[in-house]
Amino acid sequence: MTELRHLVSIDDLSLTEMQALFDAAKGFSEDLTAHSKLCPGRISASLFYEPSTRTRLSFESAMLRLGGGVITAADMRVSSASKGESLADTVRVVGGGYADVLVLRHPSEGAARLAAEFSPVPVINAGDGSHEHPTQTLCDLYSLWVERGRIEGLDVVLAGDLRYSRTIHSFAYALARFGANILCVPQGGFELPDYVMQRLREEFGVEPVRANASKMGELAAESDVIYMTPQKPHQLSLFTDAKGWNVSHVDAVYMTRPQTERYKAGEGEDLSYLQLGKSALAADSLRDAVVMHPLPRRDEISAEIDSDPRSIYFKQAARGVPIRMAILAALAGELPLLDSPPAAGMPTYPVLEGENPCPNPNCISNTETRHAVPRVALASRLPLRVQCAFCSQRLVVGAVGCLATRRHHEPGSPGLRRVRPEEMRFFLDAQTAERAGFPAAGEAHPV
Amino acid sequence: MTELRHLVSIDDLSLTEMQALFDAAKGFSEDLTAHSKLCPGRISASLFYEPSTRTRLSFESAMLRLGGGVITAADMRVSSASKGESLADTVRVVGGGYADVLVLRHPSEGAARLAAEFSPVPVINAGDGSHEHPTQTLCDLYSLWVERGRIEGLDVVLAGDLRYSRTIHSFAYALARFGANILCVPQGGFELPDYVMQRLREEFGVEPVRANASKMGELAAESDVIYMTPQKPHQLSLFTDAKGWNVSHVDAVYMTRPQTERYKAGEGEDLSYLQLGKSALAADSLRDAVVMHPLPRRDEISAEIDSDPRSIYFKQAARGVPIRMAILAALAGELPLLDSPPAAGMPTYPVLEGENPCPNPNCISNTETRHAVPRVALASRLPLRVQCAFCSQRLVVGAVGCLATRRHHEPGSPGLRRVRPEEMRFFLDAQTAERAGFPAAGEAHPV
Amino acid sequence: MTELRHLVSIDDLSLTEMQALFDAAKGFSEDLTAHSKLCPGRISASLFYEPSTRTRLSFESAMLRLGGGVITAADMRVSSASKGESLADTVRVVGGGYADVLVLRHPSEGAARLAAEFSPVPVINAGDGSHEHPTQTLCDLYSLWVERGRIEGLDVVLAGDLRYSRTIHSFAYALARFGANILCVPQGGFELPDYVMQRLREEFGVEPVRANASKMGELAAESDVIYMTPQKPHQLSLFTDAKGWNVSHVDAVYMTRPQTERYKAGEGEDLSYLQLGKSALAADSLRDAVVMHPLPRRDEISAEIDSDPRSIYFKQAARGVPIRMAILAALAGELPLLDSPPAAGMPTYPVLEGENPCPNPNCISNTETRHAVPRVALASRLPLRVQCAFCSQRLVVGAVGCLATRRHHEPGSPGLRRVRPEEMRFFLDAQTAERAGFPAAGEAHPV
């Protein structure tokens, strides 16, 4: 590869690249112990700023099965941080001769993006706060593909806490990209957040309709079910009636645990969480649905269905190894699975003056100020949609300053079209822009 | 191997299998670095729910010397447990593609047995609470065999805290199985517990007699020495007089540290613990006895004898590597050292109704209730001896209910003979049985 | 090798051996992934009694790149120490079959020397308290040599906290050994300690003179700069005037962070620490000086010079891997880089009676009394200079007892010349010697 590739977000991979990774993973899975000639002499470093044993072991197993070596810092916070070292310096040191690929877990959103900026070797995001965990998403998609032979057009139920689960959000975007249909069966009060719905609509053209869930049994007994499809409305109309989409057949049920560690005080108290057991699985529409779960589970999946052939959550976890073998081998340059250069993502621009516009206090751009230069990504110019290039948080923008003219424009205004993105500065509203020395462009500005 | 083998208890191995492991270990020990072609591509996972650096490093060294790889969770409690994952789920995930063999250390008795029930790959018990640590016992036996060329008929002193040392108990049973003679030299107040003595008598036919220890010097100065032999009484009489067995020659002294972490409040205070030093080793009967210790030691073995050729405790520790290489290679199926199927152990039966009869609060059947189905092992029908299949704790049984007739029987009664083991339910006494709906079989029951 | 070699102190290596290690490291660095045939089957053990992730990962990467395996105890204090095991026992166990080389990090000064006394395999000191960290020094020297092609005669600036930095002290001694010149630019109040200056003078013949730093710019703006050279005085006179050495060209600036963890209460408060940034680097004498730092840095090196080609601190860190590969391969006996027997160091003698003369409470000879036999090293007989053989602390000696005559002598006295070193006992003063039963040799002693 001529250009260094990283895996920070699932969006860093094209659909074609994902398919190539699936094919390679399937090859590996036929005999996991037969591929130790692929990466001899290569080393991956596990840099875990918070412990996550399962994820770490899965990556380390994958590297060892490729014949490579592993160096491990299972809890970086204890040591490095106490000496005050920045993440940017750590990745430059560890990526400079110690290791050939870095696997990073970090509690701050955007940490992996920052690491990728500074690292001399590929960085894999193994979870950055509540932002992304792309290899988990890849593993889920791969597992679905292995079970069903395709992803496009599948009907996939997302069940449980859809509000706080990072895994569910990433999985939903990825399903939409692949053209799968999504059935939302949320725990009451834990529906998909608006910003996720908005992104599904705006970026993937997904259209939500109410669903008739009479054949879904007790799984949907206490929820309104929403059906979201990227299909054309005229096709959809063939299958829906006045009451919405008729659920007659489900391909997969993806269950999540309650993300209690993210609940606000009082939230989720007395919560009677969904439980998938034998009786729920008896529903007509679920007769050949596979049951998935990112694990660890608590009680949301009853042990009584562990031996049901539709329960594939342990297989799903096991598939984390071959899919991570594929991504490691690809990033190490040993398998030609990734394009070069990468498919273009959103253009990003450094924030050349003023404060960091990212309002997320847990974003790496706010927690590691020594080396992180704030940076924004322009998702769309018209309508104007801007987000933090590190943590992907959408910026609320009421006025846009121009660094050349020192005037500000309203988001939808004609004058804004002539401002170059790298000269834009984003403000909450007109008053804030004025206080910062950017008066309104007004009449003085040629339209 | 057609049937999956585990090493949960030293009882899982036949004498023939142990001898095969010893032979393989001796071969390995000739050049530890020359066997890296045996397990390439294989991975062992160290799942340590409590830290035990020495044991962990020994296993990991063994796997690396076989050419395999290692993934390590040095303190699982910190991570997995905090997300509430059960042991049963963890071993299904890690054993499902991450690793080819699991090395488990756990603070609950019976944890390794539970893990073996659920794991798709072999489980090795690296210590489960105060229950078993079979590879330590194997290492001790192997070391004795290397030094003496045999185990049968040897005279082995067990010295120090014989009450709380798990290592001593397992070693004593194993010595009895191999037909060695045991000399107990306990620290005062820390004699072998009754249940250990009982098992030695009942299962191995060991007969304890008082010993005349006049030639044992200061080692036995403050203890009554007991000699236990599996030999026939008529042979024994040739060597004993009215005062008991005459100790004239000892083959090995196995010393243990005070297990202070298990002492009850006040116990062991002002304890002047046995110390083995130059003067103790000068005793006539110890002239060519090897000195063993499972390490770590504190002061019970004086540094002044470290250079004595009879002191083999560091060699003993070093032998942990080749013996663990042998067991890893055997379980991985790379060396044909184990029979298939395994030698039959005690039959075990799930507890189909009622409460868990195991009274041990630290047993995994009581600490992990989500997946563990209580299970009893029938050590003997006549006399009735029942124990927990996980932690081996003997059950006190005063009445046995029959799930078919819903009546209870007394342990020695003729009616009990017709009850099938899988239909037995065990009660402390007749009243408890009656309260649970199992009236006495009495006259109503055909005898 | 016929004699076991260790790397406890940089003084354990001759200049020739260091040059051989540099040459090997340079060969490795051409392709780090191409040397996995050198140490297959070999295992190194990381025994870290305090966490130091960077150092540990660097060693582990080096061993893996040589094709060897690694077993890791990232924080030994937690486990072993809690069971009360001595360091001497631990290295005998881990060095006895578990591993072929031990990499030891310990908070007590002299720990690595003690470990080397007991270990059956080579010990590498990865930092013992504030005493030595020889592979860091080797890495620094190697980096200088790679950049400049030589070390002898270079002009090297040591800047920042020169008082508490172990790294700086070791580096200064090593530079003097290689015949480099040192420019001290201390943070005010954090000058090189007297005992370091003394050793540089006495052992290496280094002569300090004041330097004219007018061409050093803001780096030296607030410090008196001292120039130290091992060159002959008549040569020096050619380049100095009444104001001292004229600094016109610097080869390297070695910057250190403030060692705040070692500051006494109140020390360093309101400290405005030196910062190396663009403006400081613009100084005439620094035009082609490389900038070095042992990392981690805080603010003493500004991120703005990270992209300056003179900034080599990340390269310097990366070079830790090949230089550690060289030392590991050499100690494992796979590369003939070390002489056998080693170049003779200072003679050392056990302390045969009386108390441990080492006054350092953090010395391993005082913290691990079970196995450490106190030992002194005789740096010089005339004048008498004695130090602890473990932690190198200089002993203040006012009287020397003779174990044969039971008399004491004054350090410079003629009578002392006839006392054999192994019969010397060292006292603070004459009174202390008398109280211990060693009256003055006085007239009674033949002169």
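Two residues count as being in contact here if their C-beta atoms, placed from the backbone, lie within 7 Å. Leaving aside neighbours within four places in sequence, A:G244 is in contact with A:V209, A:R210, A:A211, A:N212 and A:Y227. What you're looking at is a predicted model, where local features need pLDDT of at least 70, side-chain atom pairs count only at pLDDT 80 or more, and totals for chains, interfaces and linings use all residues. Residues are numbered from 1 along each chain as its sequence is written, while chains are lettered from A and ligands numbered from 1 in the order in which they are written.

Back to A:G244. This glycine sits in strand β10 (residues 244–246) of chain A; strands (E, at least two residues) and helices (H or I, at least four) are DSSP runs, numbered from the N terminus. A:A213 is 31 residues from A:G244 along the chain, and their C-alpha atoms are separated by 9.4 Å.

Now for strand β1 (residues 43–48) of chain A. Six of its six residues are buried, so β1(A) is largely enclosed by the rest of the structure. In a regular strand the side chains alternate between the two faces of the sheet. Both faces of β1(A) are covered: A:S44, A:S46 and A:F48 are buried on one side, and A:I43, A:A45 and A:L47 on the other.

Strands pair when DSSP finds at least two bridges between them. Here are the two partners of β1(A):

| Partner strand | Bridges to β1(A) | Direction |
|---|---|---|
| β2(A), residues 69–73 | five bridges | parallel |
| β3(A), residues 101–106 | five bridges | parallel |

Within these pairings, A:S46 has A:T72 of β2(A) as its bridge partner, and A:S44 has A:V101 of β3(A).

On to the interfaces. Chain A puts 25 residues in contact with 23 residues of chain C. On the chain A side, the elements giving two or more residues are β1, β2, α3 (76–79) and α4 (87–98). The largest share, seven residues, comes from α4(A). By class, that side has 11 nonpolar, eight polar and six charged residues, where Ala, Val, Leu, Ile, Met, Phe, Trp, Tyr, Cys and Pro count as nonpolar, Asp, Glu, Lys and Arg as charged, and the others, Gly among them, as polar.

The contact between chains B and A takes 25 residues from chain B and 23 residues from chain A. On the chain B side, α4(B) gives the largest share, seven residues.

How do the copies relate? Chain B superposes on chain A (RMSD 0.1 Å) by a rotation of 120° with 0.0 Å of shift along its axis, using least squares on the C-alpha atoms of residues with pLDDT of at least 70 in both. The two copies are thus related as by a three-fold rotation axis. In chain B, the C-alpha nearest that axis belongs to B:G69, 5.0 Å from it.

Methods: Buried ≥ 20, exposed ≤ 12 C-beta atoms within 10 Å, placed from the backbone.
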